[in-house]
Amino acid sequence: MSGQKRLRRVLVYFVGIAIVMITTAVTVPGSLMSGEAGAPSERVVAPPMEGVPNPKNGSLMSGEASAAPPMEGVLNPKNGQAVDFKKNIFPVGNLKPTDSILRVRIGGKAPNFSLPAVGGGRVSLSQYLGKKHVVLSFVPAAWTPVCSDQWPGYQIAKDLFDKNNASLIGITVDNIPTLYSWTRQMSSEKLWFPVVSDFYPHGAVASAYGVLRSDGTAERALFVIDKKGRIRYIDVHNINERPPLEDLIHALEKVNK
Amino acid sequence: MRAWLMRKGNKRTILWLAGALLIFICGGPLPKSAPPDSFAYPSEPSGLHERFPAFTLPAPKSDAERAYLGLSGTGAFATGQIKAQVLIIEAFGAFCPHCHHAAPYVNEVYAAIEGRPDLKDHVKIIGVGMRSTPFEVNLFKEKFHVPFPLFADNDMTIEKLLSIDTTPTFIGVKVNKEGPQERFYFRRGSFENASQFLSEIIRLSGLAQEAK
C-alpha cells in the first residue's frame, strides 16, 4: 500500500470516529462533550425514597410495606432533613393555559357518568341527584405540580362543602393504581371525597364536558352541578394555576341559596 | 465507480462511514430525558448567613396577635418592627399536604417558646402562605389551630424575595434594633421533633450563649 493511500485511510478513520463522538455528545445528556458541564448535577435528583427508615417505627417507606401513614417522618439520612415528596413531582413547565372547547354550558344538563373509584365500586353523577350539589374537579394528571396541591386543600375544606350541602368528586384521566398511590400521599387521613378514574375509554367524561386537552390530559376545571343536575358554575382554569378556593365556595353559596 | 467500490480498502472505508451514519440517525432524534433546567430544584440552603431582605406585611386583625408581635398600629408593618431577638418564619402553602403534616409540630414549637420565660419575649414565629389567598390562609389557621400570626403571599412577592422553592421552609433570622439581620437557619421540609427543632434554633441563633 502506498503512503498516500494509507494516509487517506487513516484520515477517513478519524472522520468516522469524530462523527461517532459528536453524535454521542449531542444525544447523551451529561456527556463530557455536551457543553453542559455541571448541569446534570443541578437537575432533579430523586431523594432516597426506597428503604428510608421511618424514625418512629423503623419501617421502610416503600408502598404497602410501610404500616405507617404515608406522610409520617421520612428523614433523609444524609442531612436529617425531611425528604420532600414534592421533589419527586415531575416538572411539566409552563403549559398552554387551556386547550379544549367546552361542550356544556351554564344552565344546561350535566352529562351523567359512571366511573370506577379509587376506594372500589363506581361513582355516578346520578347518585347525587336530589340529594346534594356536586362539585366536579377535573385535574390534568396525577403526580404533577399544582394538581398535587389542589385536592389536599379540598381535604381540609370539607366543612365548607358540608355547609353548602355539596359533595365533591375528583376526576383525572389516570388509572386506578396511579390514583391510589397519588391520593394516599395527599393526607394522613383518608380523603373524604371520591376520586374516580376517567382512564378507559380514555378521557370519555372529560371529552363529554369538553375539557379533554389535545395531549390526552384534562383541563384544571371545576363544575358546580345543582341537585337537579343543572350546571351552575364553570371554571376552566389556567392549567398552570390553582383556582382560588373562595371563588368555588362563593359559587356554592349562590347555588345553595 | 463499481471497480472503486469493490476495492478492499474502499469497502472498509464505506463500512466505517455507514456505521457512523447509522449511529447518528438512531441517536439524533432521542428526546432529552432531563427536565428543563429552569425547573431544577436547588439542593443548598438559600440565603443562609446573608442579610435578610426587608419586606412589609399587613398588621394582624387580632389584638392578641398584634400584641404578640409587639405592634402598636393597625396598618402595614415592616418585619423589623417585630419585637424579638429571633424571628422564625414558616413559609407554607395553605393547600400543601406537607405543611398540613407539619402544622401540629410547629404549634408545639410555639407552645414550647411561650412556656419558657427565657424565650417568650425573645423568639417569635410568623407564617407566610406561599401562593395562598387570605381566605385559604384563614382556612389553614382554623383547621390546624395555628396560634401565631399567618399572612398570605398570593402574589408570590415574599416567595421570590426569600427564594422559597419548597413548602414548608423554615427560616431563622436574627433581629436587632435595626431590624432583621442575618439568616442563621434555613430548612426545607417538615419536622416531627419540635424540641430538637427549637434546640437548633436556640443554638444557631446564639441565644444559648447569651443565656450563659
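1. Two residues are in contact if their C-beta atoms, placed from the backbone, lie within 7 Å. By that rule Tyr105(B), Glu108(B), Val109(B), Ala112(B) and Ile113(B) in H4(B) meet Ala194(B), Ser195(B), Phe197(B) and Leu198(B) in H8(B). The residues of this contact divide into seven nonpolar, one polar and one charged (Ala, Val, Leu, Ile, Met, Phe, Trp, Tyr, Cys and Pro count as nonpolar, Asp, Glu, Lys and Arg as charged, and the others, Gly among them, as polar).

2. The model is predicted: local features need pLDDT of at least 70, side-chain atom pairs count only at pLDDT 80 or more, and totals for chains, interfaces and linings use all residues. Residues are numbered from 1 along each chain as its sequence is written, while chains are lettered from A and ligands numbered from 1 in the order in which they are written.

3. Helices (H or I, at least four residues) and strands (E, at least two) are DSSP runs, numbered from the N terminus. Chain A has seven helices and seven strands.

4. In chain B, the axes of helix H4 (residues 97-114) and helix H8 (residues 194-205) come within 9 Å and cross at roughly 60°. Axes are lines fitted to C-alpha atoms, for helices over the stretch in contact, and angles run from 0 to 180 degrees between N-to-C directions.

5. Chain B also has an open sheet of five strands, in the order S5-S4-S3-S6-S7, with mixed pairing; two strands pair if DSSP finds at least two bridges between them. Strands S5 (150-153) and S7 (179-188) of chain B are the edges, each pairing on one side only.

6. Strand S6 (residues 169-176) of chain B runs antiparallel to S7(B), joined by seven bridges. Asn176(B) has Gly179(B) in S7(B) as its bridge partner.
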